[in-house]
Amino acid sequence: MATVLSLHDRGILTAVNSGASSLSFVGSGFIVLCYSLFKELRKFSFKLVFYLSLSDMLCSFFNMVGDPSKGFFCYAQGYTTHFFCVASFLWTTTIAFTLHRTVVRHKTDVEDLEAVFHLYVWGTSLVMTVIRSIGNDHTHLGAWCWAQTGRTGKAVHFITFYVPLWGAILYNGFTYFQVIRMLNNATRMAVGISDRAYQFDSRTDTKALNRWGYYPLILIGSWAFGTINRIHDFIEPGHKIFWLTFLDVGTAGLMGLFNSIAYGLNASVRRAISERLELFWPERLKRWFPNSSRHRNQQQQSELVSLKVQDQQ
């Protein structure tokens with residue numbers, strides 16, 4: 001028995017999609033703005049985060065367009081959303097690759113690979129988007145021009161988006177596992193002959209290592225429900241599950257926000273913002289927080305993503 005979404009259900013999906021995408025747009029746009037304003041952030045490691053945030057921002061922008069009418073705008077939204085969402089999770093693989101090449105393989109040539117990264121990310125995104133046009137039959141599901149009604153189109157959509165997505169998830173997970181394992185082993189070997197200051201540094205580094213372990217979970221949390229929904233829609237195309245579609249739309253729309261928090265709001269960004277804010281703080285507030293500078297220095301030690309890579313270059 002066929003089950004279709006009602007107008008009320010579609011209205012809810014539209015609101016959820018617009019709200020989640022708006023949060024991601026603001027979060028990723030904030031990281032893009034920080035990179036543009038603060039010169040000290042314009043280092044290679046954070047440049048990759050900038051490209052990730054830029055892709056998330058554009059993906060969120062086109063995703064929150066709403067419910068465009070059928071025709072050119074529907075096709076344009078579907079293809080641009082596909083292109084920039086693919087680019088987003090591909091940029092996470094370049095960050096994982098850079099960290100692995102620097103920490104595990106002890107290579108110092110990652111900056112020379114920037115052109116290769118661009119060719120890989122934008123080229124792959126373009127190829128996946130073009131291939132997606134095979135068997136294309138776009139329809140707007142109340143909130144976006146993302147779904148396709150043709151069986152061939154659904155299969156091609158899954159192959160050109162969800163297959164590389166889960167490939168990126170597996171690669172990121174394996175890469176971060178190797179990096180964390182290596183640094184943990186190095187920490188255990190050094191802690192026996194280190195002083196208390198180094199032990200403090202190792203505890204700070206451990207917090208950053210634990211944070212790396214959550215990076216692959218961002219993509220899993222953002223797209224797990226979408227993957228299940230696509231598989232279910234392929235097997236039973238006439239039966240729509242509202243709660244599954246609700247979770248699909250909501251979690252996918254929040255991917256940019258999750259990435260901006262995990263990758264972008266690191267100690268370097270917080271320190272740059274804090275230094276600017278102190279310029280406008282009244283003297284009375286500065287006397288209330290005499291240890292703020294010392295706290296920023298402690299945060300700086302935990303910034304492995306942007307500093308540990310550059311220290312080895």
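**Figure 1. Lys154 and Asp233 meet through their side chains in a salt bridge, at 3.1 Å from N to O.** A salt bridge here is a side-chain nitrogen of Lys or Arg within 4 Å of a carboxyl oxygen of Asp or Glu. Lys154 belongs to helix H5 and Asp233 to helix H7, so the contact ties together parts that are 79 residues apart in sequence. Helices (H or I, at least four residues) and strands (E, at least two) are DSSP runs, numbered from the N terminus. Lys154 and Asp233 are both buried, where buried means under 20% relative accessible area, exposed over 50%, and partly exposed in between (1.4 Å probe, protein chains only). The model is predicted, so local features need pLDDT of at least 70 and side-chain atom pairs count only at pLDDT 80 or more, whereas totals for chains, interfaces and linings use all residues. Residues are numbered from 1 along each chain as its sequence is written, and side-chain values use heavy atoms, with hydrogens and water left out.

Figure 2. The structure as a whole holds 5 salt bridges.

**Figure 3. Arg101 pairs with Asp109 in a salt bridge.** The closest N and O atoms of Arg101 and Asp109 are 2.8 Å apart. Arg101 counts as buried because its relative accessibility is 14%, while Asp109, at 24%, counts as partly exposed. The view also includes His106, which is found in the loop between H3 and H4. The phi angle of His106 is near 60°, a positive value in a residue other than glycine. His106 counts as exposed because its relative accessibility is 52%.

**Figure 4. A disulfide joins Cys59 to Cys85.** The sulfur atoms of Cys59 and Cys85 lie 2.2 Å apart, within the 2.5 Å limit set for a pair of cysteine sulfur atoms to count as a disulfide. The bond links distant parts of the chain, with Cys59 in helix H2 (residues 44-63) and Cys85 in helix H3 (residues 72-103), 26 residues apart. Cys59 and Cys85 are both buried. A search of the whole structure finds 1 disulfide. Cys34 also counts as buried, because its relative accessibility is 3%.

**Figure 5. The largest nonpolar core contains 48 residues.** A nonpolar core is a set of buried Ala, Val, Leu, Ile, Met, Phe, Trp, Tyr and Cys residues joined through side-chain atoms within 4.5 Å. The residues with the most contacts inside this core are Phe89, Phe161, Leu165, Trp223 and Tyr263. Helices H1 (7-37), H2, H3, H4, H5, H7 (215-235), H9 (255-264) and H10 (267-278) each supply at least two core residues. The largest share, 12 residues, comes from H3. Across the protein chain, buried residues make up 48% of the 313 residues.

**Figure 6. Val127, Ile131 and Ile134 form a nonpolar patch on the surface.** Patches are made of residues with over 30% relative accessible area and no salt bridge; nonpolar side chains (Val, Leu, Ile, Met, Phe, Trp, Tyr) are joined within 5 Å, and like charges within 9 Å. Together, Val127, Ile131 and Ile134 have about 230 Å² of accessible area, computed by the Shrake-Rupley method with a 1.4 Å probe, with only the protein chains shown counting as cover for residues. Ile134 lies in the loop between helix H4 (114-131) and helix H5 (151-191). Ile134 is partly exposed because its relative accessible area is 47%.

**Figure 7. Val249 in helix H8 (residues 242-253) is shown with Ala15.** Val249 and Ala15 are 234 residues apart in sequence and 10.0 Å apart in space, C-alpha to C-alpha. Val249 counts as buried because its relative accessibility is 5%. The unreviewed UniProt entry annotates several spans as "transmembrane region", including residues 12-36 and 241-265; UniProt positions are given in the numbering used here, feature names are shortened, and annotations may be inferred rather than shown by experiment. Residues 12-36 are 100% helix and 0% strand, with end C-alpha atoms 36 Å apart. Over residues 241-265 the chain is 88% helix and 0% strand, and the end C-alpha atoms lie 35 Å apart. The protein chain has 13 helices and 0 strands.
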